[in-house]
Amino acid sequence: MVDGQVNTLQDVVYGFMPAQILHVGARLNIADELAGGPRTLGELAAATGTHGPSLRRLLQGLACLNVLGETADGRYELTAAGQQLRADVPNSIRAAVLLFCSEAMWRSWSALEYSVRTGDIAWDHVHGSSFFDYMDEHAAESTTFNSAMADRTRAAVPKIIGNYDFSRFTRLVDVGGGNGQLLATILTSTPELRGVLFDQPAGVSDARDMMWATGVADRCEITAGDFFAGVPTGGDAYLLKSVIHNWDDDKATAILRNCRKAMGDKGTLLLVERIMPPRVESPAFGRIVWSDVNMLVNTFGRERTEAEYGALFAAAGFELTGRKPTSDDPVDYQLLEGVPA
Ligand code: SAH
């Protein structure tokens, strides 16, 4: 183990308890219930349809997680940190909590050992279909997944667009662009640019609203399809954020080859991913490593080093020409740029 990575293994053992306390708090919309100000236990129990004495025990747990505080007269109030559990705040983590602590996700993670022993995908083993097929068939969970991705992407977008000049392109295709959070923001800040949002049907289901709400609908096409079958042609830039890490090398290469085919001999490939260091020498890289194990369990993708991305680019007919961090934090997203080789 890397020195200092886990200070108290005991805390890790019990880590699932606070995670589930947070999860149930999110499912009961406790933070949104308290958005208007402090409320009593009775009011919260009535609003959430729960058993008061048991709810009190959950609220104590949320207080220990610094989500809630108690007022002098015994009412519950949201702390500054707890605001993040609200659904409608810009830095909301509610959808991420609902996704990662969901029963479906915990069932796949409970089969981590299966993946490690067999080299097969725990999610498929437990649920009987692949992660993204499952999402295509479960509308509510798909909406939660899209929101969790969009929330994370929204937080990263200013750093991504602040560090890259998108105005040199005319038609940007966002492959696996989900509900369009990233593309809409790029189009907003790049007035001459046209966009194509491409994802599977469940991915783009909320995208039209996003494009209208951000005022870029007239410059953005939305296309549903399967990126293993092909991606929209005619872009001079193809952007893939948090897509390639979901797939093993063969599938990742197939997606990139389809981008290569669609762009012809001129064009730019842009990947936004976290980059694994050649050696995990610092506990600070835990976030990438957890994500790597998450990929192992759920999709059989992986987090890759720059050299591994270089090899993928080469296999798909690209040359890796640049790597730009989006912040000083090495665990943050990086922009990898490639051109046809
Ligand atoms: N780029 C977005 C979403 C990343 S999640 C963001 O960073 O926020 C990966 C995306 O790949 C999901 O939106 C999922 O719907 C999409 N996807 C998975 N399989 C696909 C397929 N076969 N064809 C097209 N899109 C697919």
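In this predicted model, Thr326 touches Lys159, Ile160, Asn163, Asp332 and Tyr333, leaving aside residues up to four places away in sequence. Thr326 sits in the loop between β8 and β9. Its relative accessibility is 7%, so Thr326 counts as buried. The side chain of Thr326 also makes a polar contact, reaching the backbone oxygen of Tyr333 at 2.7 Å.

A backbone N or O atom of Gly176 lies 2.7 Å from a ligand nitrogen. For Lys241, a polar backbone atom is 2.8 Å from a nitrogen atom of the ligand. Asp226 contributes through its side chain, with a polar atom 2.9 Å from a ligand nitrogen. On its own, the ligand has 570 Å² of accessible area, and the protein covers 95% of it.

Helix α12 spans residues 181–189. Its buried residues are Gln181, Leu182, Leu183, Ala184, Ile186 and Leu187.

Helix α15 (residues 249–263) has 15 residues. From its first C-alpha to its last, α15 reaches 21 Å, close to the 21 Å expected at 1.5 Å a residue. The buried residues of α15 are Ala252, Thr253, Ile255, Leu256, Asn258, Cys259, Arg260, Ala262 and Met263. An α-helix has 3.6 residues a turn, so residues three or four places apart point the same way. Among the buried residues of α15 are Ala252, Ile255 and Cys259. The strands that the buried residues of α15 pack against are β3 (171–175), β6 (237–241), β7 (268–273), β8 (318–325) and β9 (334–340). Helix α17 (306–315) is also packed against. Just after α15, Gly264 takes a positive phi of about 70°.

Lys251 also belongs to α15. With a relative accessible area of 39%, Lys251 is partly exposed. Lys251 and Val126 are 125 residues apart in sequence. In space, their C-alpha atoms are 21 Å apart.

Ser291 lies in helix α16 (residues 286–298). Its relative accessibility is 12%, so Ser291 counts as buried. Leaving aside residues up to four places away in sequence, Ser291 touches His245, Arg274 and Glu303.

Most residues other than glycine have a negative phi. Asn29 is not a glycine, yet has a positive phi of about 60°. Asn29 lies in the loop between α2 (16–27) and α3 (30–33). At 28% relative accessibility, Asn29 is partly exposed. Phe300 likewise has a positive phi, near 65°. Its place is the loop between α16 and α17. Phe300 is partly exposed, at 25% relative accessibility.

Key
Residues numbered from 1 in each chain as written. Predicted model: local features only at pLDDT ≥ 70, side-chain atom pairs only at ≥ 80, totals over all residues. Heavy atoms only, no water. Helix = DSSP H or I, 4+ residues; strand = E, 2+ residues; numbered from the N terminus. Expected span 1.5 Å × (residues − 1). Buried < 20%, exposed > 50% of the residue type's maximum accessible area, 1.4 Å probe, protein only. Contact = heavy atoms within 4.5 Å. Polar contact = N/O pair within 3.5 Å; in protein donor to acceptor, adjacent residues only side chain to side chain. Areas by Shrake-Rupley, 256 points an atom, 1.4 Å probe, with all protein chains shown as cover.
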